[in-house]
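Hello,

Here is the structure we talked about handing over. Please have a look, then read the notes below it.

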Amino acid sequence: MPTLAEWGTLVLMCLLTGRVVPTRWRWLLWVLWTGIFAVGITVVRVEYRLGDRLAAANENRVSRVVLRIAGLPKLSADGRQFEAEVLSSQPEGVPRHIMVTWNAPGYAGVYGRSSAPPAEFPDLIPGQVWRMALTLKSPSGARNPSAFDYEAYVFSHGIRALGAVRGRPAYMRDDGWVGIPGSAQRARHYVREAMRPYVDGLRYGGVLLALTIGDQASIGPADWMIYNRAGLTHLISISGSHITMIAAIGGLVVLALWRRAHWRGRGWAERVPAQVAAAVAALIVAWLYCLLAGWGVPARRTFLMLAVVAATQILRVPLSLSRLLALVAVIVVMLDPWALFATGFWLSFGAVYVLMASAQWWGRRAAGFSQGRRATVWSAVYMATGLQLAITAGLMPLLALLFNDVSLVSPLVNAYAIPVVSFIVTPLALVAAAVSIAPGLEAIAGLLVWVAHGAMQLMMMPTEMLAQWSWASVSVASGPKILTVLAVVGLLVAIAPYGLPLRALGWAFMAPALFWVPARPAPGNWSLVALDVGQGSALVVKTATRTLVFDTGVRHGPDADEGARTVVPYLRSAGVRSIDVLVVSHADIDHAGGALSLLKAVSVGQSYTSFALDAYLAQSQRLLGDSQGVNMPLALTTCAYGASWRVDGVTFSFLWPLPEQQPERRRAAPEAPRPSADKNVRSTSGQRNRNACVLQIQGQHHSVLLTGDIGAAEERRLLARGLGPTDVVVAPHHGSRFSSSQAFVQATRPLHVISQNGWQNRYGHPAPSVQQRWEAAGAQFWRTDWHGALTVDSTAEGLRVKAERVQYRRYWQRNVALPDGD
């Protein structure tokens with residue numbers, strides 16, 4: 001007698017073979033088999049990539065490798081960064097594809113070489129083979145709510161280890177033009193080197209490089225901020241429209257020449273139709289341009305669409321636009337399953353879909369109707385403007401989901417920016433790139449770059465003015481996934497052709513996602529988010545109506561800090577448009593490094609610091625050469641023992657520094673931590689640590705203590721003043737061995753302890769003895785380097801802690817041996 005499992009297997013086999021499926025439904029079998037095949041191929045590829053990992057024995061150790069440069073190096077004043085293919089390694093256990101960072105000798109500081117010439121490096125060209133000593137680490141990135149996932153990004157690009165150069169690398173040989181990908185990267189290098197003499201020093205020189213070879217590394221953060229607020233980021237790259245335009249130009253040229261060309265008395269068009277030759281030529285031009293652009297997702301989508309269109313023209317096979325888009329999407333994902341990680345995938349396909357659907361609105365002219373040239377021009381402008389508005393509105397829910405920001409001036413800016421960039425700047429930049437390679441044409445190349453840059457400057461004059469307006473863009477909070485699904489359904493309904501009943505109501509379905517307001521704690525409750533900012537500190541505390549930010553994260557370099565990278569995006573995703581209270585515990589770069597970027601992006605009502613905030617910001621801007629305006633807090637106050645306030649049933653009290661420490665709080669010069677066993681060994685930093693603000697938050701049900709970088713001496717004085725049990729403690733000084741004394745641990749007796757640390761940080765924080773001390777006292781010890789961002793909610797039901805890495809595990813995230821119970 002067959003078992004139930006055997007009967008189930010028999011029925012499944014019949015279904016898969018189609019024996020019991022009616023003929024009219026057998027197309028479902030194709031869908032089922034196709035899905036099984038796609039999932040199987042993806043699983044195999046995922047397992048293969050996961051298997052190409054850095055051996056645990058090589059983690060954070062020096063390995064000697066022979067590698068070939070595989071990607072276009074990123075250039076900076078202090079270093080070089082490039083993708084590389086590992087040819088051999090000693091010891092074994094090094095992944096085949098890694099990212100290498102080669103920093104200049106000597107530490108230039110987090111503010112870079114503002115007053116020194118760029119460091120000298122040898123020419124690094126794709127195809128070169130080098131012998132290097134590298135300190136290798138598995139890719140590691142921050143994990144924060146609704147934030148960019150760096151580990152997913154590097155995994156999707158096949159990068160399985162990060163290497164930092166040690167010593168002096170040795171050049172071995174040049175393998176030249178190796179394979180199609182390597183040859184494309186080599187060509188990009190030579191084009192960039194040919195153009196650099198003409199674009200270096202120009203305000204928008206980086207834009208010309210981005211439009212030519214897809215190299216966006218030369219565009220500064222300040223410019224990106226303007227492009228984001230104005231809705232121009234899709235233009236400051238090689239987009240599908242640019243590729244299509246260049247391909248169309250190539251196809252039209254071949255079409256015109258093919259019709260006129262003859263061979264032995266017969267026209268070429270008689271042998272091969274001119275349309276077929278033009279389609280092939282356009283496809284070849286598009287392919288070459290996509291390779292020059294770096295073969296990103298938008299480029300792949302555009303090339304495949306053109307390839308399918310060319311195939312249908314050659315084979316005379318009819319294919320609707322909707323089926324064309326669906327077929328290309330399937331091909332892109334089959335070739336690269338991780339293309340779904342790229343925002344360009346969704347924006348690119350979404351924009352094309354909206355464009356195709358919106359084109360149905362305009363209909364066709366009645367037969368026999370004609371209009372004058374002026375009317376034709378205005379009709380084209382009207383149609384283009386309408387389609388741009390449709391794309392802007394249609395992509396609004398997607399932009400809100402991906403970036404938590406929507407540009408309101410985008411339709412107006414794009415109305416004039418798209419023609420300028422697409423028909424003037426991009427063609428001139430491409431011609432200038434071609435001319436710059438040819439010898440003897442330097443004057444023409446310089447003229448073309450000057451005209452293209454001038455057009456870009458003229459276009460950006462009104463754009464910068466519009467982007468500076470306070471209403472240029474609005475932040476959109478991250479809402480539940482169901483609201484995103486509802487917005488997409490509304491979009492499909494709203495852009496449907498005329499005839500669908502109640503089509504206009506589709507726009508209303510988008511409103512919940514665009515105007516979502518996240519729930520806040522009830523009066524008397526509080527919520528604490530310890531953001532994952534590496535080896536630094538940044539915490540956000542929310543009550544029923546107020547938001548407090550404690551510290552702003554670390555500054556990594558002249559163009560990168562956690563204020564802009566993590567704190568501001570989180571506040572936007574949480575629906576926070578202004579900060580009521582900003583506390584910067586002390587002037588160390590890992591606590592105050594993001595203050596400048598934060599105050600540029602968000603308004604602050606009240607600030608508390610242990611140093612002169614205005615002097616600190618002025619000094620930071622001087623070191624950075626930054627002249628942008630800063631939204632200074634409405635009130636600047638020094639934190640001191642005894643200062644307190646109560647709001648929404650929650651009491652905030654400063655417990656440190658004491659009055660006798662106040663004269664030292666004027667030390668405010670920005671300074672970066674240098675390598676050492678512990679930062680307390682430096683006298684100036686140690687003084688700042690001793691004066692750090694300590695804030696206690698007491699809600700109706702639970703309390704939390706934010707400790708800054710105080711040490712054991714300050715802990716003893718706090719205990720002498722009556723500090724007692726606390727439900728949650730942020731570990732002093734990131735868990736340094738000079739803090740979290742036994743007396744402090746026993747007196748506070750917290751349920752949860754949070755230590756904000758960077759993965760494999762050079763200070764050894766948190767010290768194992770400190771972690772053991774807290775755990776021995778009965779506390780659950782949480783680490784941002786292990787658990788990601790931590791959210792603690794205080795309610796009448798108790799304390800609830802959510803860890804990003806634990807609650808939202810991903811197969812590509814680095815493996816961390818979490819303690820039992822995590």
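How many disulfides does the structure hold? The answer is one. Please keep in mind that this is a predicted model.

**The disulfide**

Cys-639 and Cys-693 are the partners, with an S to S distance of 1.9 Å. The link between Cys-639 and Cys-693 is left-handed, at -75 degrees about the S-S bond. Where do the two cysteines sit, and what does the pair tie together? Cys-639 is in the loop between strand 18 (635-638) and strand 19 (644-647). Cys-693 is in the loop between helix 23 (683-690) and strand 21 (694-698). The pair therefore ties together parts that are 54 residues apart in sequence. Are Cys-639 and Cys-693 buried or exposed? Both are buried.

Cys-290 has a relative accessibility of 0%. The cut-off for buried is under 20%, so Cys-290 counts as buried.

As background, most peptide bonds are trans.

- Pro-91 belongs to the loop between strand 3 (79-90) and strand 4 (97-103).
- Look for Pro-657 in the loop between strand 20 (650-656) and helix 23.

**Positive phi**

Again as background, most residues other than glycine have a negative phi. Which residues have a positive phi although they are not glycines? Asp-551 is one, with phi at about 70 degrees. Gln-760 is another, with phi at about 55 degrees.

Asp-551 lies between strand 13 (547-550) and strand 14 (555-557), in the loop. Gln-760 lies in a loop too, between strand 24 (752-755) and helix 26 (768-776).

Buried or partly exposed? The relative accessible area of Asp-551 is 0%, so Asp-551 is buried. Gln-760 has a relative accessible area of 25%, so Gln-760 is partly exposed.

**Where to look**

Start with the link between Cys-639 and Cys-693. Finish with Asp-551 and Gln-760.

Best wishes

Methods. Residues are numbered from 1 along each chain as its sequence is written. This is a predicted model: local features need pLDDT of at least 70, side-chain atom pairs count only at pLDDT 80 or more; totals for chains, interfaces and linings use all residues. Side-chain values use heavy atoms; hydrogens and water are left out. A disulfide is a pair of cysteine sulfur atoms within 2.5 Å. Helices (H or I, at least four residues) and strands (E, at least two) are DSSP runs, numbered from the N terminus. Buried means under 20% relative accessible area, exposed over 50%, partly exposed in between (1.4 Å probe, protein chains only).
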